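Welcome! Here is a short tour of a structure that may be new to you. Please keep the view open as you read.

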Amino acid sequence: MYILDTNFFIDADKLHLPIKQNSAFWEWIESLAENRTISIPRAVYEELQKQNDDVSKWVDKHKEKLVDGVAAFTKIGAVMENGYGAIDDVTLDRLNADPWVIAHALAVSGKVVTGEKPGKQAAAPHNKKVPSVCQVLGVPHLTITAFMWELRATMPI
């Protein structure tokens, strides 16, 4: 299973395949959600809803197929303690959906899909990048392009 980061949806719509012009791509993403190839934690859903744009409307329409509101809770403590070095509500809130994406992937033995680039090993939790934390925790991660290459055989475009 692939766990999609918030920036997957934003980058896909804004930079590559806008929802209004590439319905085949977005229907493919919907089919991946239907067959449980992809998923997102509730935190990604909530982050996207703040935008009130085409992406937020699309995700809301497909919420039932896409959102797993439970899986990440089983691993969020381990992700915070071992990946970010802090387990307080202020730090967790400041990190937005990032630790929840990693926790979700850890809980379901999935792969994180993110547009973030690995960063230097930052000390402050809010400066740590998703790929860097995934690496520390042994969670497989890939770029949006690599995700599309892995699933290209099922892609309609």
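Asparagine 96 is partly exposed because its relative accessible area is 39%, where partly exposed lies between buried (under 20%) and exposed (over 50%), with a 1.4 Å probe and protein chains only. This is a predicted model, in which local features need pLDDT of at least 70 and side-chain atom pairs count only at pLDDT 80 or more, while totals for chains, interfaces and linings use all residues. Residues are numbered from 1 along each chain as its sequence is written, and side-chain values use heavy atoms, with hydrogens and water left out.

**Loop residues with positive phi**

- Asparagine 96 sits in the loop between α7 and α8; helices (H or I, at least four residues) and strands (E, at least two) are DSSP runs, numbered from the N terminus.
- The phi of asparagine 96 is near 60°, a positive value in a residue other than glycine.
- Serine 109, in the loop between α8 and β4, also has a positive phi, near 55°.
- Serine 109 counts as exposed because its relative accessibility is 68%.
- Glycine 138 follows α9 and has a positive phi, near 75°.

**The largest pocket**

- The largest pocket holds about 280 Å³ of space. On a 1 Å grid over the protein atoms alone, a pocket is an open set of points with protein on both sides within 12 Å along at least five of seven lines, a cavity is a set where a 1.4 Å probe fits but cannot get out, and lining residues have an atom within 4 Å of a point.
- Grid points are joined across faces, edges and corners, and a volume is the space filled by probe spheres set on the points.
- Asparagine 96 returns here: of the 17 lining residues, the closest to the centre of the largest pocket are Arg42, Ala43, Glu46, Asn96 and Trp100.
- Both α3 (42-49) and α7 (89-94) supply at least two residues of this lining, and α3 gives the most, with four.
- By class, the pocket lining has nine nonpolar, two polar and six charged residues; Ala, Val, Leu, Ile, Met, Phe, Trp, Tyr, Cys and Pro count as nonpolar, Asp, Glu, Lys and Arg as charged, and the others, Gly among them, as polar.

**The largest cavity**

- The structure holds one cavity of 30 Å³ or more, and the volume of the largest cavity is about 30 Å³.
- Its lining is made of Phe8, Ala12, His16, Leu17, Phe25, Ile144 and Met148.
- Two or more of these residues come from each of α1 (6-16) and α10 (144-150), with α1 giving the most, three.
- Six of the cavity-lining residues are nonpolar, one is polar and none is charged.

**The sheet**

- Five strands form an open sheet in the order β3-β2-β1-β4-β5, with parallel pairing; two strands pair if DSSP finds at least two bridges between them.
- At the edges are β3 (67-68) and β5 (141-142), each of which pairs on one side only.
- Strand β1 (residues 2-4) is joined to β2 by two bridges, and tyrosine 2 has isoleucine 38 as its bridge partner in β2.
- Two bridges also join β2 to β3, where valine 67 is the bridge partner of isoleucine 40.
- Strand β2 (residues 38-41) is covered on both faces, with Ile38 and Ile40 buried on one side and Ser39 and Pro41 on the other.
- Two bridges link β4 (residues 111-113) with β5 in the parallel sense, and valine 112 has histidine 141 as its partner in β5.

**Core and packing**

- The largest nonpolar core has 49 residues, of which Phe9 and Phe147 touch the most other members; such a core is a set of buried Ala, Val, Leu, Ile, Met, Phe, Trp, Tyr and Cys residues joined through side-chain atoms within 4.5 Å.
- Helix α2 (residues 23-34) provides the largest share of this core, six residues.
- Leaving aside neighbours within four places in sequence, the contacts (heavy atoms within 4.5 Å) of phenylalanine 9 include Trp26, Ile40, Val44 and Trp58.
- In α9 (residues 130-137), Val130, Pro131, Ser132, Val133 and Cys134 are buried, and the buried residues of α9 pack against α6 (76-84), α8 (98-108), β4 and β5.
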